[in-house]
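Please find below some notes for a colleague who is looking at this structure for the first time. They are set out as numbered points, to be read beside the sequence and the model.

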Amino acid sequence: MDKSIIDKYQPVIGLEVHAQLSTLSKIFASDSTEFGSLPNTNVSVITLGHPGTLPLLNKKVVEYAIKMGLASGCEINRVNFFDRKNYFYPDLPKGYQTTQDKAPICKGGEVVIRMKDGEKVIRLNRIHMEDDAGKNLHLAGETDTLVDYNRAGVPLIEIVTEPDIRSSEEAFQVVTEIRKLVRYLEVCDGNMEEGSMRCDANVSVMLKGATQYGKKVEIKNMNSIRNVQRAIDHEIERQIELIEKGEAIFSETRMFDATTGSTYGMRTKEELNDYRYFPEPDLQPLNISDKWLADIKATMPSLPGYLYKKFTTEFGLPEYDAQVLTDAKEIALYFEDLCKHTKNYKAASNWIMGPVKGYLNELTLHINDFPLSTQKVSELIALVESGKVSFAVASQKIFPEMINQKGGSAQQIAEKMNLIQESDTGALQPLIDEAIAKYPNKVAEYKAGKTNLLAMFMGEVMKLTKGKADPKITSELLKKTLDNLN
């Protein structure tokens, strides 16, 4: 579609992100929440909704929901109720979902995203607790639909944004930031491919300058953050195309096909569904006491936003470095600990983003499995900083040897491997003289103005010293010697 047509319209987007909480048992039963178990093995009479069974709320679910609320700046609702959301679906064995309607545990709040033109605050409407449904399996070539109830009753929090998002790029960043938060808090693994974090998008478009939102369409079935962006992009263009043709947009639920990059209709939503919410009679009201809330606050870790600001202000790192380092909690904490052993924060960042992450990626290891302590990495930084070895030698020769030895000081390894740079001018001068004497014609060309020949002489000195000459000192001494020749 022509960009000039797209630019006439303003997308309006709201997200509903479901995060499956990393508890060992379900929200109202003791069944296991383990992913990948054989179908219908993590079930009980409570999960299956047998008559006469009574649910019991998992305390850890409440604590995880509060943690996410605190991390998002929400108001924590001190008196909570659960509600029944009534609808029939084969994967919902109780015939209703236990959720929170009028009184969510977290109200308001925000997610801060970083775009090219600066930070943007996306308001949250709410975060509430609920139980998950099972999973329908539509196997190719089969006429029957199979149902796996293992996921039924697994605890969820639903994070609902206000319709503040204005592009697919912003939506991408919102989901990225939410995933980062749940991982930092260790309340959800954020794995969209396994379904432990899922996202629905409500998308509409309106002419720029208009005050009334267009008719929204809900998109489901996006199993990666990239696919969230792709689905929204397609839906924006689809709606604009319909408006330009003078056709109506129907309020409906659409599915995203990752193979074709397009959406297709699943069911219409002409009116709001009547779920007949009413208070869950089998669960007592939940009161969050001052002490309980204070205890939860005391367990809150450093969050990515705080660490980002610390890295850019206190440590003086570029925004790019801070963004990369705070992507994963464990990397951020490793870097923070490394900075206790060195004041060269930029060098520390370069080592983490370069050799350390390269090693981890090559062997598909987690930072917790990295064999070198932050003290050992700081030794490498100090060795380069002192001019005894170059960064290339430290990263390509000493660093691998330290890993192989699972210890050993950087200085000792450098000495043992005969890698310490020659920085003694008295020892370097005869070798520089030898390199110059070898190429009298090149000396004449240099004196005539071909100053780029300095690199050739440097290479010759490096050969004579077997790469051990300090580049900075050698370069200065070599230039001075050549310039002083008659």
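1. In which helix does Gln-412 lie? Gln-412 belongs to helix α12, which covers residues 410–416; helices (H or I, at least four residues) and strands (E, at least two) are DSSP runs, numbered from the N terminus.

2. This is a predicted model, in which local features need pLDDT of at least 70, side-chain atom pairs count only at pLDDT 80 or more, and totals for chains, interfaces and linings use all residues. Residues are numbered from 1 along each chain as its sequence is written, and side-chain values use heavy atoms, with hydrogens and water left out.

3. Gln-412 is exposed because its relative accessible area is 52%, where buried means under 20%, exposed over 50% and partly exposed in between (1.4 Å probe, protein chains only). From C-alpha to C-alpha, Gln-412 is 9.8 Å from Ile-398 in space, and the two are 14 residues apart in sequence.

4. Turning to the strands, β8 (residues 118–131) pairs with β6 (residues 106–107) in the antiparallel sense over two bridges, pairing being assigned if DSSP finds at least two bridges between two strands. Here Lys-107 stands opposite Arg-126 of β8.

5. Strand β7 (residues 110–115) also runs antiparallel to β8, joined to it by six bridges, and Met-115 has Gly-118 in β8 as its bridge partner. With two residues between them, β7 and β8 form a hairpin.

6. Finally, β8 and β11 (residues 155–161) run antiparallel and are joined by seven bridges, with Leu-156 in β11 as the bridge partner of Glu-130.
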